[in-house]
Amino acid sequence: MWYDETVVYQIYPLGLCGALGGKGQYSISHILDFSTHLKKLGIVTLLLNPLFSSDYHGYDTKDYLKVDERLGSNEELQKVCASLHRDGFRILFDGVFNHVGRGFWAFQDVLQKREQSKYLHWFYINLDGDNGYGDHLWYEGWEGHFELVKLNLQNPEVVEYLLSCVDKWIEDYDIDGLRLDVAYCLDREFLKRLRQHTTEKKTDFFLLGETLHGDYNQWMNDEMCHSVTNYECYKGLYSALNSMNLFEIVHSLLRQFGPEQWTLYKGKHLLSFCDNHDVTRVASILQRKEHLPLIYGLVFGMPGIPCIYYGSEWGLEGRKEEGDAVLRPTIQSPEWNALTDQIAAMVKARKETKALAYGDFQNLLLTNRQCVFARNFEGERILIAVNADDQEFMAHFDAGGGQAIDLLTGEQHDFSGGSMLAPMSVHFWKLC
């Protein structure tokens with residue numbers, strides 16, 4: 001499917017458009033100001049974080065069918081989506097279905113009418129209790145956050161309502177898939193129903209689940225999500241480079257995708273990333289800036305669907321401890337530098353080779369500071385080589401052939417006599 005071969009570019013619109021502090025500095029059409037940049041980068045799939053009316057950050061929905069007033073109107077979003085589709089982009093919306101904000105219309109009806117509200121059972125409510133807001137009723141919030149009111153996804157009325165909203169998004173914006181916020185919290189029967197329903201609407205509709213820990217097969221299977229976020233390797237990527245211990249990430253990749261029969265996700269396509277809207281930017285978490293091209297080399301070389309978070313392709317910084325707004329900044333116009341050039345070359349390599357999308361994972365060489373692994377698919381063989389050290393390294397391994405071309409530089413390479421890896425380097429060698 002198209003989503004197994006794509007590269008995702010994630011945008012947090014409320015941040016990009018300067019809407020978190022009040023009325024947006026830009027309207028939702030500001031996304032189109034990035035289209036030339038994205039086409040130059042080689043991107044064809046956009047993930048747009050929450051767009052619809054909310055109390056503050058988008059994950060506290062007030063109305064699933066009305067574009068957030070700080071971003072503009074439904075009509076503006078329609079024009080944006082139509083323009084992006086004409087330019088060849090696919091579009092994913094953020095589906096926030098586990099919880100809503102306190103301003104959500106059905107919850108407000110419960111606060112006003114209490115036991116007389118026909119929406120009482122849309123939530124987990126105890127009218128004999130109370131909460132920190134003094135509502136004289138208790139309700140379940142998401143993981144103790146009571147500004148986020150948990151929906152009762154076992155209530156058929158709630159399920160039908162949410163599916164009708166997805167139908168409207170498909171009808172009005174022609175979306176190609178959904179990121180499912182906190183998919184690990186969603187009722188699994190709801191996930192199955194959503195998968196069946198959206199497949200009937202669009203046979204190639206993509207469901208991407210946000211998951212953190214545990215066996216991802218619980219949510220990524222033939223009945224639920226097509227893909228999920230690979231947080232296990234997210235941590236391993238930066239930790240391996242910061243500790244100069246590439247064993248950490250390669251052993252995770254072997255556990256997930258290795259040749260053994262017991263590996264967890266062989267043949268599946270998890271979302272690979274080194275940062276997003278919830279975590280410290282990769283340029284801030286890596287101890288050495290020279291490792292930035294290397295970590296992206298691992299993201300694009302490992303099995304999975306690579307994802308880039310807006311601004312990180314030119315090294316934008318931001319630390320989680322400084323607040324979410326720092327991670328979700330307003331950007332007037334995109335930038336381009338040497339890092340962007342390198343990532344663009346990786347995007348191009350990914351688009352032009354099936355092995356990077358569908359290939360197996362074979363470890364060829366591993367030290368604390370160097371690794372070489374192969375991706376093989378239907379006779380195509382690509383070797384990813386990383387040297388995280390500030391010294392050159394002579395690598396000896398069985399390449400499976402004598403000649404190759406580096407997809408990132410276009411340079412020819414001869415494996416006879418070993419391969420010299422320059423300091424702080426990454427190579428994508430395609431065997432000739």
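I started with contact range: among contacts in the protein chain between residues at least 6 apart in sequence, 67% join residues at least 24 apart. Contact here means heavy atoms within 4.5 Å.

Ground rules before going on. I am working with a predicted model, where local features need pLDDT of at least 70, side-chain atom pairs count only at pLDDT 80 or more, and totals for chains, interfaces and linings use all residues. Residues are numbered from 1 along each chain as its sequence is written, and side-chain values use heavy atoms, with hydrogens and water left out.

**Overall build**

I looked up the secondary structure and got 14 helices and 21 strands. Both are DSSP runs numbered from the N terminus, helices being H or I of at least four residues and strands E of at least two.

Next I checked the radius of gyration, which is taken over C-alpha atoms; the globule rule is 2.2 Å times the number of residues to the power 0.38. For 432 residues a compact globule would come out near 22 Å, and the protein chain has 23 Å, so the two agree. Along the principal axes, the C-alpha trace spans about 80 × 45 × 40 Å.

I then asked how much is covered: 59% of the 432 residues count as buried. Buried is under 20% relative accessible area, exposed is over 50%, and partly exposed is in between (1.4 Å probe, protein chains only). The protein chain exposes about 16,900 Å², with carbon and sulfur atoms supplying 48% of it. Those areas come from the Shrake-Rupley method with a 1.4 Å probe, and for residues only the protein chains shown count as cover.

Charges: I found 40 positive and 60 negative side chains, and the centres of the two sets lie 2 Å apart. Lys and Arg count as positive, Asp and Glu as negative, with His and the chain ends not counted. Each charge is placed at NZ of Lys, CZ of Arg, CG of Asp or CD of Glu.

**Cores**

The largest nonpolar core has 136 residues, and Phe93 and Phe97 have the most contacts inside it. Helix H6 gives this core its largest share, 10 residues. Apart from that core lies another, of 13 residues, including Leu365, Ala374, Ala404 and Phe415. A nonpolar core is a set of buried Ala, Val, Leu, Ile, Met, Phe, Trp, Tyr and Cys residues joined through side-chain atoms within 4.5 Å.

I listed the contacts of Phe97, leaving aside neighbours within four places in sequence: among them are Tyr64, Leu162, Val166, Trp169, Leu178, Leu180 and Phe190.

I also looked at helix H11 (residues 292–301), which is mostly covered, with 10 of its 10 residues buried. Among the buried ones are Pro293, Tyr296, Gly297 and Phe300.

**Around H6 and S9**

Asp174 sits in the loop between helix H6 (156–173) and strand S9 (177–180). Its phi is near 55°, a positive value in a residue other than glycine. Asp174 is partly exposed, at 37% relative accessible area.

Asp176 is in the loop between H6 and S9 too, but Asp176 is buried, with a relative accessible area of 9%. Skipping neighbours within four places in sequence, I find Asp176 in contact with residues including Trp2, His85, Arg90, Lys202 and Asp204.

Asp181 counts as buried because its relative accessibility is 6%. Beyond four places in sequence, Asp181 touches Tyr59, Asp94, Gly95, Val96, His99, Leu186 and Glu210.

**Other loops**

Where is Trp219? I place Trp219 in the loop between strand S10 (206–209) and strand S11 (227–228). Trp219 is buried, at 5% relative accessible area. Its C-alpha is 7.1 Å from that of Tyr184, 35 residues apart along the chain. Not counting residues up to four places away, Trp219 touches Tyr184 and others, including Arg188, His213, Met224 and Cys225.

Val279 lies in the loop between strand S12 (271–272) and helix H10 (282–285), and at 12% relative accessibility Val279 counts as buried. Outside four places in sequence, Val279 is in contact with Tyr231, Tyr234, Lys320 and Leu327.

Last, Glu378: this residue is in the loop between strand S15 (370–377) and strand S16 (380–387). Is Glu378 buried or exposed? Glu378 is exposed, with a relative accessible area of 73%. I noted a positive phi for Glu378 as well, near 45°. Most residues other than glycine have a negative phi.
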